[in-house]
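Dear colleague,

I am passing this structure on to you, together with some notes for a first reading. Please look through it before you go on to the findings below.

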Amino acid sequence: MPSVQRVHEAFKDKDVVVLAVSVDGGGEKVVKSFIAKRGYTFATPVDARMEVAREFGVRGVPTTYVINRHGAIVAHGFGPVDFDSPAFVQYLQTLVAEPRG
């Protein structure tokens, strides 16, 4: 999660939204406490009923989706992602450079 925070910080002013959808059954209070204690500032909606997870076909966590500014899923993966990797950062920079519209 620290690398997720770093990507959020690096791209938040470049039309990139980072969010971590929690499927924690403990609910919003538990999740928000975890996030606050660690100082994370990216959005963390809670999907305790697994509605979003079912809609996106999530089979396990973590699952990562990259959605472009047009709302299309352009990449996805299951398992840990190194958000600090040069390849991932370059990929995001490429998406940010795409024209609007």
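A salt bridge, as the term is used here, is a side-chain nitrogen of Lys or Arg within 4 Å of a carboxyl oxygen of Asp or Glu. This is a predicted model, in which local features need pLDDT of at least 70 and side-chain atom pairs count only at pLDDT 80 or more, while totals for chains, interfaces and linings use all residues. Residues are numbered from 1 along each chain as its sequence is written, and side-chain values use heavy atoms, with hydrogens and water left out.

A search of the whole structure gives four salt bridges. In one of them the side chains of Asp-15 and Arg-69 meet at 3.5 Å, N to O, and this pair links distant parts of the chain, since Asp-15 is in the loop between H1 and H2 and Arg-69 in the loop between S1 and S2, 54 residues apart. (Helices, H or I with at least four residues, and strands, E with at least two, are DSSP runs numbered from the N terminus.) Asp-15 and Arg-69 also belong to a network of salt bridges together with Arg-100. Another salt bridge joins Arg-6 and Asp-84 at 2.5 Å, N to O; here Arg-6 is in helix H1 and Asp-84 in the loop between S2 and H4, 78 residues apart.

As to accessibility, buried means under 20% relative accessible area, exposed over 50%, and partly exposed in between, with a 1.4 Å probe and protein chains only. Arg-6 counts as partly exposed because its relative accessibility is 44%, and Asp-84 does so at 34%.

Leu-92 is in contact (heavy atoms within 4.5 Å) with Val-7, Phe-11 and Val-66, its neighbours within four places in sequence being left aside. The buried residues of H1, among them Val-7 and Phe-11, pack against H4.

Finally, Asn-68 lies in the loop between strand S1 (63–67) and strand S2 (73–78), and it is buried, with a relative accessible area of 15%. A polar atom of the Asn-68 side chain lies 2.9 Å from the backbone nitrogen of His-70.

Conventions: A polar contact is a pair of N or O atoms within 3.5 Å; within protein, one must be able to donate a hydrogen and the other to accept it, and residues adjacent in sequence count only if both atoms are side-chain atoms.
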